[in-house]
Each structure stands twice: as structure tokens, then as C-alpha cells.
Amino acid sequence: MTRVPTLLRYRGREGMLAWAFHRIAGIGIFAFVVLHVIDIYLVGGNPELYDEVLAFYASLPGRLLEVVLGAALLYHALNGLRIIILDLWPSMTAYHRVLWWGTWAIFIVVGVPGALIIMRPVWLEWLQALGLA
Amino acid sequence: MQLGSYSRARARPSGSRREVYVWYLMRITGVALFVLALAHFSILHFIWDPAEQTADFVINERWNQIFWRGFDWLLLMTVLFHGWLGVRTVILDYVHRPHLRFYLLAVLYFSGVFLLIIGTEVVLTLPVPGAE
């Protein structure tokens, strides 16, 4: 039998995708938390190095990574709430598809403006270069 | 474990009392993090910009009040339970070789204790301006 990656093998439709994204986002956030506790420790231990790390956070690649982090955080939070709702009120399972698309609706409505705010210095500079701001 | 329907991420475990506690703890800390983590991220990305956040900013602005230090410390405690128990579940799901599983879990728990110590130390020892 050919080995198929677990992520592709189990056909659980929305619930399967929700689970896979939840796990991937969770691991990503975990990795950032490790980095972030260490960088905050530098405020007391090595402030100059902390300022250098934060200068990276404020750079273009840093901001793009923050948008990814924010997306992972927002998805994991919203999907986690969806899971808790279904755990507490199993009768809501009848509306699981509504909850799934609701999760994405809130994700887009909150996430897109959030991403624009994080990327503001970048696109403001572009607008200024074009003489539009 | 059998997944009853595709509605739930993980059915509430039965049999092991410890696993039931972990299952509930994930949900309780999850709700807490919905507030704490999203508020923390919003404050430090939407109200303040990373370009402003030097070590000076942390000392004189962000952490000059006990409330916000306590807030961030509570966030750290909650995330250490939720994140570390979450990765524990991932390790238990995928790593079946007993020795490897043991060492990975040991590294995981030690890293959690390490971050708890250095995180608590910086919250407690960073000087509060004007509080001498």
C-alpha cells in the first residue's frame, strides 16, 4: 500500500481542514511564544540586542511574519471557540457548516483590516512614492 | 481514539481521569487566551507599532504599571499550560517510539519550566520607573 500523508488521507471535509489548520497554527504560535519570552527577557538582560530584534520585527519581512502570526492566532482563537461551542452544545452540530463559514467570515472581517494596520508603514511609503499621500 | 463525528476536534476522553482534566484545562485556558492573547496582540500591533517598541518603551511605557505586568504574566502562565499541553497532545499523536517520546516530552516540559522562570524573572526584576 502506498503511504499517503495523514493530512491528505482522512476525508473529513470541513472538520478535517479545521483540525489541520488548528494544529499547524497552534505549533506556529508555540514556536513564536518560545522566541518571544526569550526576546522579552533581553529587555532586562541585553537591551541593545532587544532593540535589534525589535528593529527586525518592524522591518518588511518582520511585518509579513507578524501578519502570518496574527492570522494563525485569529484562526486558532476563532476555531477554538467553534470547538468549545460544539463541545458544550452538541445540538449545534446540526449547524456545523454555518459555524465553519462564520469562522472564516469573522476571520476576513477582522483579519484584513488588522493586516493593513500592521503593514501601514510599508504601503504608506508606496503611496508617498506615487505622490498619493 | 474514535472520532464520533467531524464536529469536534477531539472527543472528551473517557477512562483516564488525567486526560479528562487535560481536555477541560485546554478549553478553560483557551477561553482565557481568547481574551488575553488577542488583547495583547492588538495592543502591541494596532495601538503601538513595533517600530516604537524599544527596551526603553517596555520599561517606561508598556510595563510601567503593575496591571500590565500582571496581565502579561497571566498571559504567560495561561499560554504555558495551553501551548505546552497542546504540543504534548501532538507528540502523543505522532511519536510512538517509547524512548523518543519520553525524551521529547522531557525537552518540552523543561522548556516550559525554563520559560516560566525567565518570564517571571523579567516581570519581577525589571525596574518600575518612579516606584523606588
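Predicted model: local features only at pLDDT ≥ 70, side-chain atom pairs only at ≥ 80, totals over all residues.
Hi everyone, let's start with confidence: chain A averages a pLDDT of 91, and 91% of its residues score at least 70. Here pLDDT is the predictor's confidence in each residue, on a scale from 0 to 100. Residues are numbered from 1 along each chain as its sequence is written, while chains are lettered from A and ligands numbered from 1 in the order in which they are written.

Let me stay with chain A for a moment. The chain has six helices and zero strands, and along the sequence the pattern reads α-α-α-α-α-α. Helices (H or I, at least four residues) and strands (E, at least two) are DSSP runs, numbered from the N terminus.

How about overall dimensions? The C-alpha trace of chain A spans about 50 × 40 × 40 Å along its principal axes. Its radius of gyration is 19 Å, whereas a compact globule of 133 residues would have one near 14 Å. That radius is taken over C-alpha atoms, and the globule rule is 2.2 Å times the number of residues to the power 0.38. Buried residues make up 23% of the 133 residues in chain A. By buried I mean 20 or more other C-beta atoms within 10 Å of the residue's own; exposed is 12 or fewer, partly exposed is in between, and the C-beta atoms are placed from the backbone. Of the contacts in chain A with a separation of 6 or more, 65% are between residues 24 or more positions apart. A contact needs C-beta atoms, placed from the backbone, within 7 Å.

Now have a look at helix H2 of chain A, residues 13-45. This helix has 33 residues and reaches 48 Å from its first C-alpha to its last, close to the 48 Å expected at 1.5 Å a residue. The expected span is 1.5 Å times one less than the number of residues. Its buried residues include A:Gly15, A:Trp19, A:His22, A:Ile29 and A:Val33. What do the buried residues of H2(A) pack against? Their partners are helix H3 (47-57), helix H4 (60-88) and helix H5 (96-118) of chain A, together with H2, H3 and H4 of chain B.

Over to chain B, then. Its secondary structure comes to four helices and zero strands, in the order α-α-α-α. The radius of gyration of chain B is 19 Å, well over the 14 Å that the globule rule gives for 132 residues, so the chain is more spread out than a compact globule. Its C-alpha atoms fill a box of roughly 55 × 35 × 25 Å along the principal axes. Of its 132 residues, 14% count as buried.

Two residues of chain B make handy landmarks. B:Pro13 lies in the segment before H1 of chain B and is partly exposed, with 14 other C-beta atoms within 10 Å. Leaving aside neighbours within four places in sequence, B:Pro13 is in contact with B:Glu19, B:Val20 and B:Trp23. With residues up to four places away not counted, B:Leu108 touches B:Trp84, B:Val87, B:Arg88 and B:Ile91.

Finally, the two chains together. The contact takes 34 residues from chain B and 40 residues from chain A. On the chain B side, H1(B) gives the most, with nine residues. That side divides into 21 nonpolar, 11 polar and two charged residues.

The largest nonpolar core has 12 residues, among them A:Ala25, A:Val33, A:Leu73, B:Leu33 and B:Val79. Such a core is a set of buried Ala, Val, Leu, Ile, Met, Phe, Trp, Tyr and Cys residues joined through C-beta atoms within 7 Å. H4(A) gives the most to this core, with five residues. Apart from it lies another core of eight residues, including B:Ala55, B:Val58, B:Trp63 and B:Val122. Thanks, all!

How values were computed: Nonpolar A, V, L, I, M, F, W, Y, C, P; charged D, E, K, R; others polar.
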